[in-house]
Amino acid sequence: MAATNITEEQWAVSAGYLAKIREDNANFAVKNGRTRLAHTETYGCQQNVNDTERIKGMLSEAGFGFTEDASEADLVIYNTCAVRENAEQKVFGRLGILKHMKEERPEMMVAVCGCMVQQEHICEKIRRVHDHVDLIFGTHALWRMPELLYRTMTEKGVVVDITDSDGTIAEEIPILRDKTEKAWVSVMYGCNNFCTYCIVPYVRGRERSRRPEDIMAEISSLVAGGTTEISLLGQNVNSYGKDLELDIDFADLLRMVNDIEGVRRIRFMTSHPKDLSDKLIYAIRDCDKVCKQLHLPFQAGSDRVLKEMNRHYDKKQYLEIIDKVKREIQGIALTTDVIVGFPTETNEDFRETLDVLSKVRFDSIFSFIYSRREGTPAAKLEPVLSDEEIHRNFNELLELQNRICKEKNLEYVGRTEEVLVDGGSKTDKNMMTGRTDSGKIVNFEAPQSLKGQYVSVKITGARQWSLEGELTER
Ligand code: SAH
Ligand code: SF4
Ligand code: F3S
């Protein structure tokens, strides 16, 4: 079934509350001689970063200013992640600190939103242990935040909205982005894959694709504002369009974005190996603006573990896809995600993961130790390896990959690369940093005025995680 957008009337209600908050904030400013300030913190993936940009868009429209310092904020919002336990622990730790702050400044409002609180047991725990939290809302309540916040400002007691997704998409939410030169654009929300270890489908709901005209309109307005690099975002972009009543898939969408004048670079994540089509490989190859970089998580090398993870491919199929990708797209940079210590993974299984790393030689990887997520099928499995063995395997994996990373980076030395300058060094004002088409970080001496520009950089050195270079022209 196609996702529907929320109605104009629904958004009008939210916009009405934004206006009411704005009025209240204006009165506050007159009375106190300063603007009310909000402080946001984001945990987790780009989806959450993108949601925080929407939260800031709404807050800005409601007349809030922003501060990096929670201790001077009138409103603190934590946008949380549930993918691993340590992400949740961090938030609980921060809430503990806020408790003391709130004792000194009881008028400070504390809100927790995002994936973590979409789980009922976590929401209950926060209410039980952290009664200084004033507002809790899940991922599906984002567009209702204005009403929830208004109620928090005017009512006593905690305001909670963690209702499940009704399958709608809210296009109207305003957005305030941190960067101009690069922007993330969500093309779809949710996930249908139910990998047995993963909480994301439970906290983000089923797949919902945005209508292509909405995506195109957002990108066109970004380009008009000076953005040149677009990263298309979804938990599994290869499923894009399957739920739309249109004949369109992700490869078609890439080609449409490639045709937008003013866009210079296109990236996307994440792809699932089970449905990486030839059509998509050809689109990456043929579209001149699509960066020659592919993030293709394989998670584990053992066929039995992959089956128990519900990944729908085996090691041989994964390696075949990689071979095809390397053959069709010369010089493509490859990255992946790996989980070490899935409950039934033995030391022998783990060797298969190392074998995939050696065979593919990824440019970089994101590796995680398995974290048990309540409510997922894998949470019921008994671990076969001890924590100590899992950590030993994890370290072995890092050692192997670090060596490969360094070797891959050394291949760049002597080449000249086009780099989008996206920031400066915090310690040395003459040093700037940027990324190559393939996504490598390059540090080089350049004036700050080059931020947002594409420059040509000769690579002179390679480190573990980055390259060093010299500007060759402007
Ligand atoms: N949709 C994306 C990313 C999902 S979350 C994808 O499928 O690739 C990002 C990564 O976190 C996953 O790829 C996986 O490697 C890791 N991950 C997810 N659940 C995990 C868990 N319970 N323990 C450890 N790592 C996990
Ligand atoms: Fe999680 Fe799998 Fe969906 Fe990725 S594809 S979000 S790992 S369930
Ligand atoms: Fe992302 Fe974490 Fe939610 S990885 S989708 S923020 S659980």
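User: Over how many bridges do strand E4 and strand E5 pair in the parallel sense?

Analyst: This is a predicted model, in which local features need pLDDT of at least 70 and side-chain atom pairs count only at pLDDT 80 or more, while totals for chains, interfaces and linings use all residues. Residues are numbered from 1 along each chain as its sequence is written, chains are lettered from A and ligands numbered from 1 in the order in which they are written, and side-chain values use heavy atoms, leaving out hydrogens and water. Helices (H or I, at least four residues) and strands (E, at least two) are DSSP runs numbered from the N terminus, and two strands pair if DSSP finds at least two bridges between them. Strand E4 covers residues 75–80 and strand E5 residues 109–114, and their parallel pairing runs over 6 bridges.

User: Which strands are the edge strands of the open sheet of 6 strands?

Analyst: The open sheet has parallel pairing and the order E3-E2-E4-E5-E6-E7. An edge strand here pairs on one side only, and this holds for strand E3 (65–66) and strand E7 (159–161).

User: What angle does the direction of helix H2 make with that of E4?

Analyst: Helix H2 (residues 46–61) packs on the sheet, touching E2, E3, E4, E5 and E6, where contact means heavy atoms within 4.5 Å. Axes are lines fitted to C-alpha atoms, for helices over the stretch in contact, and angles run from 0 to 180 degrees between N-to-C directions. On that basis, the direction of H2 makes with that of E4 an angle of about 155°.

User: Why is H3 described as roughly parallel to H4?

Analyst: The axes of helix H3 (residues 85–104) and H4 come within 12 Å and cross at roughly 20°. Angles under 35 degrees count as roughly parallel, over 145 as roughly antiparallel, 65 to 115 as roughly perpendicular and the rest as oblique. The crossing angle therefore makes H3, relative to H4, roughly parallel.

User: Which residue takes a positive phi in the hairpin of E18 and E19?

Analyst: E18 and strand E19 (residues 441–445) pair in the antiparallel sense over 5 bridges, with Thr433 opposite Asn443. Between these strands the hairpin has 4 residues, and the positive phi, near 95°, belongs to Gly439.
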